Amino acid sequence: MIDQIKQIRAELEAVTTASPGEVEALRIKYLSKKGAISALMNDFRNVPAEQKRELGQALNELKTFATDHINALREAAEACCACDDALDLTRCAAPVEIGTRHPLSLVREQIIDIFRRLGFTIAEGPEIEDDWHVFESLNFAPDHPARDMQDTFFINRQPDVLLRTHTSSVQTRVMTSQKPPIRIICPGRVYRNEAISARAHCFFHQVEALYIDKNVTFADLRQTLLYFAREMFGPQTDIRLRPSYFPFTEPSAEMDISCDLCGGKGCSFCKGTGWVEILGCGMVDPAVLEACGIDSKEYSGFALGMGIERITNLKYRVKDLRLFSENDVRFLDEFTAAH
């Protein structure tokens, strides 16, 4: 038995480092109820009486040594693991869920990128505006019925302060502070007093474009629109311009694109017409140029405006406009692949 005690001690002394799993294996091998030291304790009853004192002392020393040694190995292993957790750069990081950009932001940046390639720069202005920049400078007379189409939120009538109904107010600010040539796009949020539904909201987002220079014609406008439509919706896209009315442009038009679902043949999405309306446009009314201090006999220009929600609906087939502002993570997660 004394030889077995020496052998077990030698085996334990030979182990100087171990992982947590290896330490547990050592404990089971030597200190568990069925371990080697417990087996020696059970055999101790068969030892002759004259040897019990010597062997009992040796067994107790072995058990104490084994317990202390295994505990020391365990503490060293745990300290090593803690150190490894902090410094081991080869370990896989804990999974972190990455967010996605809002679909309106995705489409907004795509629109801006398309117009930037045409030389347009971004112009921004305040959302709380005065009546002159929103209406009067854009050829809206105080009693003009066209104001009814843009019924909005007035904050204080002395002076006339309101939430802007379109980003055209940014255009008038630029026209009154810069000399032509002017080539800008005006993205931003606008407000109108609308009943909230799947197809309308009291606020939405617009991108408007303005180009003023010498000898700008309707042909320049049409070619710009065709380029935009094909860059946004695909090279197969056709456009159609229909006469319309806006107080700040003359002539004015609504622009349709060929339905990309049916290829212009007619379907339920385009209501059988083969066309889908996306924006309004026109040549800047000379009265607007003069109101902003630009000589309408020397300069001309075109303007266009679109709702970003409208373009996003067409691009991603979002049926309910309210989803854009409800912050439902399940809805936003659908656009992860759109990045």
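**Around the largest pocket**

Author: Let's begin with a cysteine: Cys-292 is buried, because its relative accessible area is 6%, and buried means under 20%. Keep in mind that this is a predicted model. Cys-281 counts as buried too, with a relative accessibility of 2%. A disulfide is a covalent bond between the sulfur atoms of two cysteines. A search of the whole structure finds zero of them.

The protein has eleven helices and ten strands. Of its 339 residues, 41% count as buried. Among contacts with a separation of 6 or more, 66% join residues 24 or more positions apart.

Now for our region, the largest pocket. Its volume is about 1,600 Å³, and 48 residues line it. If you want to find its centre on the screen, look for Arg-199, Glu-277, Ile-278, Gly-307 and Arg-310, which lie nearest to it. Several elements give two or more residues to this lining: the helices α7 (168-177) and α10 (308-316), together with the strands β6 (203-213), β7 (239-246), β8 (249-258), β9 (275-284) and β10 (300-307). The element that gives the most is β9, with eight residues. Sorted by class, the lining has 22 nonpolar, 15 polar and eleven charged residues.

Let's follow one of those helices, α10. Its buried residues are Ile-308, Glu-309, Ile-311, Thr-312, Asn-313 and Leu-314. They pack against α5, β6, α8, β9 and β10. Just after α10 comes Arg-317, whose phi is positive, about 60°.

In α8, the buried residues are Leu-221, Thr-224, Leu-225, Leu-226, Phe-228, Ala-229, Met-232 and Phe-233. The buried residues of α8 pack against α5, β7, β8, β9, β10 and α10. After α8 comes Gly-234, which has a positive phi, near 120°.

The other helix in the lining list is α7, and Gln-171 is found in it. Is Gln-171 buried or exposed? Gln-171 is buried, because its relative accessible area is 5%. Leaving aside neighbours within four places in sequence, Gln-171 is in contact with Ile-184, Cys-186, Glu-208, Ala-209, Leu-210 and Ala-303.

Finally, there is a second pocket to visit. The second largest pocket has a volume of about 220 Å³ and is lined by 13 residues. His-102, Leu-104, His-205, Glu-309 and Phe-324 lie nearest its centre. The elements giving two or more residues to this lining are α5 (103-116), β6 and α10, and α5 gives the most, with three. By class, the lining has five nonpolar, six polar and two charged residues.

Terms used: Residues numbered from 1 in each chain as written. Predicted model: local features only at pLDDT ≥ 70, side-chain atom pairs only at ≥ 80, totals over all residues. Heavy atoms only, no water. Disulfide = S-S within 2.5 Å. Buried < 20%, exposed > 50% of the residue type's maximum accessible area, 1.4 Å probe, protein only. 1 Å grid on protein atoms, 1.4 Å probe; cavity = no way out; pocket = protein on both sides within 12 Å on 5 of 7 lines; lining within 4 Å. Points joined across faces, edges and corners; volume = space filled by probe spheres on them. Helix = DSSP H or I, 4+ residues; strand = E, 2+ residues; numbered from the N terminus. Nonpolar A, V, L, I, M, F, W, Y, C, P; charged D, E, K, R; others polar. Contact = heavy atoms within 4.5 Å.
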